[in-house]
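Biologist: I would like to learn how to read a protein model. Could we go through it one feature at a time?

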Amino acid sequence: TWQVWAIYMVLAPSLSEEQALKQACPSCDATQLCNCSSMGLDFIPPGLTGKITTLNLAHNRIQHIRSQDLQQAVNLRVLLLQSNKISSIDKDSFCSLGKLQLLDLSNNSLAHLSPEWFEHLFSLQHLHLQGNSYRDLGKSSPFSSLRNLSSLYLGNPWFSTIRQGNFEGIELLDKLWIDGGRLSQYSPGSLKSIKKINHMIISIKITNVFSPIVRDLLYSVIWLEVRDIKLEIEKKSLVQNSTLPFKIQKLTFKDASFTDQYISLLIILLKEITSLQELEAIDCVLEGKGKWDVEAIASSGQSFVERVSIINVMIQSFYLFFDLDGMESQINKLKRLTIASSKVFMVPCKLARSFSLLMYLDLHDNLLVNNRLNETICEDAWPSLQTLNLSQNSLKSLKQIAYIVTRLHKLINLDISQNNFGEIPDVCEWPKTLKYLNLSSTQIPKLTTCIPPTLEVLDVSANNLKEFGLQLPFLKELYLAKNHLKTLPGAAPIPNLVAMSVRRNKLNGFSREEFESFRKMELLDALRGVPVGAVYLSLMECHKSLMVSLLCALVVLAMLILAAIGYKYHAVWYLRMTWAWLQAKRKPKRAPLKDICYDAFVSYSEHDSDWVENIMVRELEQACPPFRLCLHKRDFVPGKWIVDNIIDSIEKSHKTLFVLSEHFVQSEWCKYELDFSHFRLFDENNDAVILVLLEPIQSKAIPKRFCKLRRIMNTKTYLEWPLEEEQQDMFWENLKGALKS
């Protein structure tokens, strides 16, 4: 027993810790992914084992990380601790996490960073430390052990100082993000220790640190993105005492603010960075009207930049913006230019003619109209242009646009989508080089021979097209989504088609022959936006005719089964009964006395007709005074519906006399007569029913649907026909008395 006790003492803590972990974080049970985010935890739950590879503790209330908290999680690859209240970490808390690749400690309350936290994280590739409260990185490098680090996120609203040696140990980074909104002290050379950074993002609002940071990054950063800065005049060179070659190729300004004076100076200073090929300005503000120092810019030499993107730049007085006369010498090396969402309404002809090497021009989401476009694309403008994007402007006349772009003798790709053309002419003149045309979302109702026959790609999606019948012998791609097509286009006019999209039309299907007529087709996007090869069609979609036939057969079978069930359980009888009852309820409850024609309506089975017609009728109708009886054989109106005859006869009779027998309870019409008399009996609260029991009836012989008969026989007295002759006189006297009552 002592061995059992010893084993229990060893295993009990482990079992209790696993139970505690499961209770604190149910998703950790028997999985490699342990998601404990947003659970209100104040501590790292115990019981973490080596089977866990991903631990998510984000958005909790953890304040402290202890040495033993993660000691057993030796196979952890991802540890997410962001958005807690962590203010302290034991120095060896991460010492067992040698396989960790991602550590996120962002948005906590760390007032300092300790190199001891990271010294055992040999496999760490991604480290997120932004959004804490530390003001600097310490006097040495916290990252000296992180030889495999790929991305590093630093800084917070209070981060103010970067010292030399802070980045020692890091040689290569794919991404470095520094939130330095209050960065005011930067020791030159601090970032030089990093040999290569593919993409660096830095937020700075104090301009005196901008130039030294750029100088340090000339030899390491490929793409530098500067955010939130308000650039002011500073005439210091960005490449002071720097030697070639530089590595920086792309410079982006995002959420920045410029003045006219600084734009002029920046253009001059950036020319010194001979490796710079691309400039971007995104979500920026220009506080000026384009009054730049063009003479100083021109005298400073040519720019080496080949690509410029200006996206969503706000110019408050854009309608007063200068024509940039004198800038022609600075743009003749540009190859790609994007000016989007910036309220551009024209480019002066003189300036446009200077873009001698420009091959790509994107002016989407601006204020271009037809007459201003005529100035923007004047004769000899944009001589090398191959791709032009004019989508989301205010262009109206497709014929005029086609004529204007004929001046672009090398144009291959034209996007004029999301303009409102409405109509399309029969004939247009286009550049002979045009191969790609985007006319999607332009409100055109039909296609005409205005479409150039040289096209290889045509996009007319999201219009009002009902058919497609153009002759386009070179067309390889055709996009017809979101129209009103009911059939596939014919294959003969577009024999070289390779890809076609016809999703979201009124197209219900197409035959195999229609599809195979496109001999070169490789991709057909026709079903809910999914390529045909990736679609799983149901049996109903593949064999529609067969399934419809099978469905009809099942419906017929179901109707036959219902009919059989209805016959067995008298469903038709109940329906007919319900209809008759509704008819009866519409009539007055009792006929006026002047309409009473009979003393009694006699309800009986055909099998009892001999006794009724030869014995009872003779006895009652030859009595003194005689009784007037209503018999269905004699008194029903010929040609009238039998149910109406029954109802009328009961209503025109003072009494209803039922001759009960075994045959009576098997008669459907007797059941009708019984029911209608039962309505009358209870509706009028009188004694209109007389029961004559012609022969004894066993209760089990009465069908369930004769529930009213059972009820009447239990609540009313009835007359029994005696077989003894000496008792028959008394029977007739009692019957006559009942008829007179």
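Biologist: Which residue of β17 does F258 stand opposite?

Modeller: F258 faces L286 in β17. Strands of a sheet pair through backbone hydrogen bonds, in a parallel or an antiparallel way. Two strands count as paired if DSSP finds at least two bridges between them. Here β15 and strand β17 (residues 285-287) have 3 bridges and are parallel. This is a predicted model, in which local features need pLDDT of at least 70, side-chain atom pairs count only at pLDDT 80 or more, and totals for chains, interfaces and linings use all residues. Residues are numbered from 1 along each chain as its sequence is written, and side-chain values use heavy atoms, with hydrogens and water left out.

Biologist: What is the strand order in the open sheet of 3 strands?

Modeller: The order is β15-β17-β19, with parallel pairing. β15 (257-259) and β19 (314-315) are the edge strands, each pairing on one side only. Helix α4 (residues 260-270) lies across β15 and β17 and runs at about 90° to β15. Helices (H or I, at least four residues) and strands (E, at least two) are DSSP runs, numbered from the N terminus. Axes are lines fitted to C-alpha atoms, for helices over the stretch in contact, and angles between N-to-C directions run from 0 to 180 degrees.

Biologist: Which strand does β18 pair with over 5 bridges in the parallel sense?

Modeller: One such partner is strand β20 (residues 336-340), where L337 is opposite V308. Strand β16 (residues 278-282) is also joined to β18 (residues 307-311) by 5 bridges, again in parallel. In that pairing V308 of β18 faces L279.

Biologist: How many residues of α3 are buried?

Modeller: Buried means under 20% relative accessible area; over 50% is exposed, and in between is partly exposed (1.4 Å probe, protein chains only). Helix α3 (residues 210-217) is mostly covered, with 8 of its 8 residues buried. Among them are F210, I213, V214 and R215. The buried residues of α3 pack against β11 (185-186), β12 (196-204), β13 (221-227), β14 (250-254) and α4. For the protein as a whole, 47% of the 741 residues count as buried.

Biologist: Why is strand β30 largely enclosed by the rest of the structure?

Modeller: Strand β30 (residues 598-603) is largely enclosed because 6 of its 6 residues are buried. It runs parallel to strand β32 (residues 653-660), joined by 5 bridges, and V602 has L657 of β32 as its bridge partner. With strand β31 (residues 629-630), β30 pairs in parallel over 2 bridges, and F601 is opposite C630 of β31. From β30 the chain crosses through α13 to β31 in a right-handed β-α-β crossover. Right-handed means that, with the strands pointing away from the viewer, the path from the first strand over the helix to the second runs clockwise.

Biologist: At what angle do α13 and α18 pack?

Modeller: The angle between helix α13 (residues 609-621) and helix α18 (residues 728-740) is about 70°, and their axes are 11 Å apart. That makes α13 roughly perpendicular to α18. Angles of 65 to 115 degrees count as roughly perpendicular, under 35 as roughly parallel, over 145 as roughly antiparallel, and the rest as oblique. Contact means heavy atoms within 4.5 Å. W611, I615, M616, E619 and L620 of α13 meet F731, W732, L735, K736 and L739 of α18.
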